[in-house]
Amino acid sequence: MTTLLIKNARLLVTMDDARREIADGAVFVRDNVIEQVGATAELPSAADEVIDARDQIVIPGLVNTHHHMVQTLTRAVPAAQNAELFTWLQALYPIWSRLTPEMVHASTQTAMAELLLSGCTTTSDHHYIYPAGTRLDDSLEAAAQIGMRFHAARGSMSVGESQGGLPPDSVVETEPAILKETQRLIERWHKPGRFAMQRIVVAPCSPFSVSRELMRDSALLARQYGVSLHTHLAENDNDIAYTREKFNCTPAEYAEQLGWVGPDVWCAHCV
């Protein structure tokens, strides 16, 4: 059992119902769980590790709800600069198709270091492209090494260009393989406890890269295991037009039809 005391903060900002701002604030942590917050004089005076936060402001860790960590490696690709979403993706799919386990590992730790340095302590990552030899385990192992709280979203793409989807056929997976691998990851990595550091999220990529059937079956799988669901929805005008053309509904209606509404679902963008 280890303890940590952060004390003498010029100001401690809480996220409780009262949204308190505590002068000369302190935080007492036991085994990585915040146990007490309050004025320094009101908290224990000793701990295994003590941080003097004098002249500092202490705030709760930020939460990042959507990220693509492998994209830290392709930020400056000329063909993708200033491009609309679909054009941008089509320029980058061929590059991402050559990812290796080492690249996934390095990009995860790079992205997490950037997030931690900006005050983020919990993050999701929506990883949805798996060239031969890469697995979501590469990200999970990297996160465990760096020590960041991680909701790893097992993304997927199953509808390639030949079937009317956006991604090239070379980067899509079969739907039985997607569901089998997602189930394996849940059973191997998911920790359901309140203070869990690693959780698995079921996360088909988007309406323009997976089928209705995969969306439906993914929701059933997630609820069987009690894990969350995540996807892109209504990213821009082209995305909305695609959903109207292919499924004769809006993105929100599409999600509702397939069981993608509820407290266990969150979506990215929704513009």
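## Charged contacts

A salt bridge is taken here as a side-chain nitrogen of Lys or Arg within 4 Å of a carboxyl oxygen of Asp or Glu. In this model, which is predicted, Arg135, Asp137, Glu181 and Arg184 are linked in a network of such salt bridges. The structure holds 10 salt bridges, and several of the pairs can be described one by one.

The side chains of Glu35 and Arg30 meet with N and O 2.7 Å apart; Glu35 counts as partly exposed because its relative accessibility is 42%, and Arg30, with a relative accessible area of 28%, is partly exposed as well. Asp52 and Arg54 form a salt bridge through their side chains, with an N to O distance of 3.1 Å, and the 43% relative accessibility of Asp52 makes this residue partly exposed. In the salt bridge between Arg75 and Glu114, the closest N and O atoms are 2.9 Å apart. This pair links distant parts of the chain, since Arg75 lies in the loop between β6 and α1 while Glu114 belongs to helix α2 (residues 101–117), 39 residues apart. Glu114 counts as partly exposed, at 35% relative accessibility.

## Overall build

The secondary structure of the protein chain comes to seven helices and 11 strands. Along its principal axes, the C-alpha trace spans about 65 × 35 × 35 Å, and of the 271 residues in the chain, 48% are buried.

## The largest pocket

The largest pocket has a volume of about 1500 Å³. Of the 39 residues that line this pocket, Val29, Asn32, Ile34, Gly61 and Thr121 are the closest to its centre. By class, the lining divides into 22 nonpolar, 10 polar and seven charged residues.

Which strands each supply at least two residues of this lining? They are β1 (3–13), β2 (21–30), β3 (33–39), β4 (49–52), β5 (57–58), β6 (62–64) and β7 (120–127). Among these elements, β1 gives the most, with five residues.

## The second largest pocket

The second largest pocket has a volume of about 190 Å³. Its lining is made of 14 residues, and those nearest its centre are Leu85, Trp88, His232, Glu235 and His269. Here the element that gives the most to the lining is helix α1 (residues 85–96), with four residues. Sorted by class, the lining has seven nonpolar, six polar and one charged residues.

## Enclosed space

Rolling a probe the size of a water molecule over the atoms shows where empty space is left. How many cavities of 30 Å³ or more does the structure hold? There is one cavity that reaches this size, and about 50 Å³ of space lies in the largest cavity.

## A nonpolar surface patch

Ile57, Ile59 and Leu62 make a nonpolar surface patch of about 300 Å². Leu62 is found in strand β6, and this residue counts as partly exposed because its relative accessibility is 43%.

## Backbone angles

Asn8, although not a glycine, has a positive phi of about 65 degrees; Asn8 is found in strand β1. Is Asn8 buried or exposed? At 15% relative accessibility, Asn8 counts as buried, because the cut-off for that class is under 20%.

Asp31, which is not a glycine either, has a positive phi of about 50 degrees. Asp31 is found in the loop between β2 and β3, and with 38% relative accessibility Asp31 counts as partly exposed.

Methods:
Residues numbered from 1 in each chain as written. Predicted model: local features only at pLDDT ≥ 70, side-chain atom pairs only at ≥ 80, totals over all residues. Heavy atoms only, no water. 1 Å grid on protein atoms, 1.4 Å probe; cavity = no way out; pocket = protein on both sides within 12 Å on 5 of 7 lines; lining within 4 Å. Points joined across faces, edges and corners; volume = space filled by probe spheres on them. Nonpolar A, V, L, I, M, F, W, Y, C, P; charged D, E, K, R; others polar. Patch = residues over 30% accessible without salt bridge, like charges linked within 9 Å, V, L, I, M, F, W, Y side chains within 5 Å. Areas by Shrake-Rupley, 256 points an atom, 1.4 Å probe, with all protein chains shown as cover. Buried < 20%, exposed > 50% of the residue type's maximum accessible area, 1.4 Å probe, protein only.
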